Amino acid sequence: MSHFRKEEKTETTSRVSDSKSKSKRKWDAWSESEVEGFFRCMNLYGVREFSKTSQALGSKTREQVRHYYYRLLKKINACLVPFGVTVNKQDREEVRKALTSWYTYKKDEGSLTA
């Protein structure tokens, strides 16, 4: 009997997910000046100060700043995994150092917005 419930639940779940259309966020790409502003604000206010950073930038919402922050951490960690290390997201100082290093590297490489 439980086997049938599981199948029924799975069918319902897949039907629900099929009926919903996923819409992607339609946000503009970050300009070089916005990226530089993000890192300036991070050094000024500290990491995870999304509201303050958003207000200072003026062109990005709190949610956009938050999304950029976590997407950037994910990208950094993806680069570090082959070396057997990752950035501890709970350690604000470690995150700040990782983000600052990433910014310096990307700026020197000339691919700040890539």
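Colleague: How do the residues of the lining of the largest pocket divide into nonpolar, polar and charged?

Modeller: Please bear in mind that this is a predicted model. The lining of the largest pocket consists of 18 residues, with Trp30, Tyr68, Arg71, Lys75 and Thr113 lying nearest the centre. Sorted by kind, the lining residues are 11 nonpolar, three polar and four charged.

Colleague: Which helix provides the largest share of the lining of the largest pocket?

Modeller: This pocket has a volume of about 270 Å³. The elements that give two or more residues to its lining are H2, H4 and H5. The largest share, six residues, comes from H4.

Colleague: Which residues is Leu99 in contact with, leaving aside its neighbours within four places in sequence?

Modeller: With its neighbours within four places in sequence left aside, its contacts are Phe39, Met42, Val47, Tyr69, Leu72, Leu73 and Ile76.

Colleague: Is Glu34 buried or exposed?

Modeller: Glu34 is found in helix H2, which covers residues 32-45. Leaving aside its neighbours within four places in sequence, Glu34 is in contact with Ala29, Leu57, Ser59 and Lys60. Its relative accessibility is 13%, and the cut-off is under 20%, so Glu34 counts as buried.

Colleague: What is the relative accessible area of Gln64?

Modeller: Gln64 has its place in helix H4. Leaving aside its neighbours within four places in sequence, Gln64 is in contact with Trp27, Trp30 and Ser59. Gln64 is classed as buried because its relative accessible area is under 20%; the value is 10%.

Colleague: How many disulfides does the structure hold?

Modeller: A disulfide is a covalent bond between the sulfur atoms of two cysteines. Cys41 is buried, with a relative accessible area of 7%, whereas Cys79 counts as partly exposed at 40% relative accessibility. For a disulfide, a pair of cysteine sulfur atoms must lie within 2.5 Å. The number of disulfides in the structure is zero.

Colleague: How do the residues of the lining of the largest cavity divide?

Modeller: A search of the whole structure finds one cavity of 30 Å³ or more, and about 50 Å³ of space lies in the largest cavity. Its lining is made up of Phe38, Met42, Gly46, Val47, Arg48, Glu49, Phe50, Thr53, Val65 and Tyr69. H2, H3 and H4 each supply at least two residues of this lining. The residues divide into six nonpolar, two polar and two charged.

Notes. Residues numbered from 1 in each chain as written. Predicted model: local features only at pLDDT ≥ 70, side-chain atom pairs only at ≥ 80, totals over all residues. Heavy atoms only, no water. Helix = DSSP H or I, 4+ residues; strand = E, 2+ residues; numbered from the N terminus. Buried < 20%, exposed > 50% of the residue type's maximum accessible area, 1.4 Å probe, protein only. Contact = heavy atoms within 4.5 Å. 1 Å grid on protein atoms, 1.4 Å probe; cavity = no way out; pocket = protein on both sides within 12 Å on 5 of 7 lines; lining within 4 Å. Points joined across faces, edges and corners; volume = space filled by probe spheres on them. Nonpolar A, V, L, I, M, F, W, Y, C, P; charged D, E, K, R; others polar.
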